[in-house]
Amino acid sequence: MARVIPGGWAFKPLLITVIIAFGAAVVDSTSLSKETPTTVADDLLKTVPLIDGHNDWPDAMFDFASYKLEQLDLYNWPTTQTDITRLRQGQVGAQFWAVYTSCTTQYSDAVRACLDQVDVIHRFVAKYPEAFELVTTADGIVSAFNNSRVGSLIGLEGGHCIDSSLATLRMFYDLGARYMTLTHNCDTPWAENNKRDNTNSSVIGLTDFGKDVIREMNRLGMLIDLAHVSKATMVAALQTSVAPVIFSHSCAYALCAHVRNVQNDVLNMTKANGGIVMVNFYPYFVTCSEFATLGDVADHIDYIKNYIGVDYVGIGGDFNGIEVTPVGLEDSSKYPDLIGYLRTNRGWTDDELRKLAGENLLRVLRTVEQVSLDLSATTTPLENRLTGTDLGNTTCRSITT
Ligand SMILES: [Zn+2]
């Protein structure tokens with residue numbers, strides 16, 4: 001009879017079984033962590049903060065809860081396009097939260113309305129400190145990203161927020177505002193809005209005071225946002241600004257001829273200026289219809305990259321400011337799908353994707369900060385004031401001098 005000894009052949013079947021089982025386990029674990037474009041993008045977005053240029057969540061806090069945060073669970077808020085859970089799924093590193101008030105508040109309570117939204121941004125960031133960090137600089141964005149918090153920046157969406165006052169502009173800067181869109185869909189007394197391009201009635205773009213607003217924003221270190229302005233205003237601002245500008249949520253006009261989008265000659269000027277166009281997801285700006293897909297949005301990103309270069313394009317989804325979304329980009333959780341799609345279907349390299357996701361905006365913001373440092377050393381706050389009829393509607397004013 002055969003004596004079974006350790007190491008003898010009698011053990012071989014067991015050993016083979018173990019090897020087979022181990023091999024199967026390896027195969028299984030590989031298939032469990034299957035690489036998809038989205039999981040690859042998830043990994044890429046661990047190396048760079050994804051920075052979105054525009055989200056109207058603060059306005060949703062007004063619409064749904066009159067700014068009463070106690071009524072809201074920001075981890076789970078399915079009636080909006082954003083919540084903390086989806087921001088994390090979407091690997092959002094930093095978000096410009098829009099301060100938006102309707103044009104109907106101009107010449108009335110616009111400043112108060114904008115202050116209300118600045119306040120709610122400060123408050124929701126403070127209420128969920130494990131999720132958000134208020135930031136005002138490029139270094140701050142990187143630091144919040146390293147702390148696994150959504151760097152939260154404030155952008156004023158519409159020059160009517162400052163009521164034609166450089167002093168008010170400076171105070172919003174002190175409260176953390178780091179961009180101002182020069183207009184929303186209405187003129188201010190000093191800047192013309194995009195709707196004028198529908199009627200070719202944009203005659204001045206920016207007044208002399210409007211150019212002073214640009215100069216003061218350069219001096220302060222506030223990004224000049226040209227989403228929503230007329231083409232003449234874009235051109236005047238690009239000719240006046242000594243720092244890079246942004247389009248926080250706009251698409252390419254060549255693909256959808258909407259006045260909210262950026263025309264080719266302005267794209268060229270934006271490249272020369274060192275600025276950035278952050279692509280909007282709104283179907284009406286993407287395909288000029290109510291329907292669009294993730295691929296259609298990718299077309300705009302690709303177009304800008306191919307036309308002026310990968311250094312001048314970013315992402316500004318406009319979530320919570322848009323009532324319809326592209327198929328595949330329905331909410332703040334979807335950014336990795338877009339990044340993965342560009343990588344797999346459009347041939348973007350990881351270095352290019354890092355620029356799109358955040359490095360371009362960081363470069364723009366750092367340059368704006370440096371220009372501000374230089375100007376602050378040689379200039380003082382501008383003291384110009386609009387007076388009298390130059391203020392536009394004076395019905396509700398007591399201060400006109
Ligand atoms: Zn907008």
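How are helices H8 and H14 oriented to each other? In this predicted model, the axes of H8 (residues 208–220) and H14 (residues 350–378) come within 6 Å and cross at roughly 100°. An angle from 65 to 115 degrees counts as roughly perpendicular, so that's what H8 and H14 are to each other.

Who does the touching? On the H8 side, Asn218, Arg219 and Leu220 make the contact, and on the H14 side it's Val371, Ser372, Leu375 and Ser376. Sort these contact residues by type and you get three nonpolar, three polar and one charged.

Now let's stay with H8 for a bit. This helix has 13 residues and spans 18 Å from first C-alpha to last, close to the 18 Å expected at 1.5 Å a residue. Among its buried residues are Gly210, Val213, Ile214 and Met217, and also Asp212 and Glu216. Asn218, Arg219 and Leu220 are buried too.

In soluble globular proteins, nonpolar side chains tend to be buried together. Here the largest nonpolar core has 105 residues, and Leu226, Ala237, Val277, Val297, Ile304 and Leu338 have the most contacts inside it. Helix H5 (residues 110–127) gives the most to this core: eight residues.

Take valine 277 as an example. Leaving aside neighbours within four places in sequence, its contacts include Phe247, Val262, Leu267, Ile304 and Val313. Ser250, Thr270 and Tyr312 are in contact with valine 277 as well.

How values were computed: Residues are numbered from 1 along each chain as its sequence is written. This is a predicted model: local features need pLDDT of at least 70, side-chain atom pairs count only at pLDDT 80 or more; totals for chains, interfaces and linings use all residues. Axes are lines fitted to C-alpha atoms, for helices over the stretch in contact, and angles run from 0 to 180 degrees between N-to-C directions. Helices (H or I, at least four residues) and strands (E, at least two) are DSSP runs, numbered from the N terminus. Angles under 35 degrees count as roughly parallel, over 145 as roughly antiparallel, 65 to 115 as roughly perpendicular and the rest as oblique. Two residues are in contact if their C-beta atoms, placed from the backbone, lie within 7 Å. Ala, Val, Leu, Ile, Met, Phe, Trp, Tyr, Cys and Pro count as nonpolar, Asp, Glu, Lys and Arg as charged, and the others, Gly among them, as polar. The expected span of a helix is 1.5 Å times one less than its number of residues. A residue is buried if 20 or more other C-beta atoms lie within 10 Å of its own, exposed if 12 or fewer, and partly exposed in between; C-beta atoms are placed from the backbone. A nonpolar core is a set of buried Ala, Val, Leu, Ile, Met, Phe, Trp, Tyr and Cys residues joined through C-beta atoms within 7 Å.
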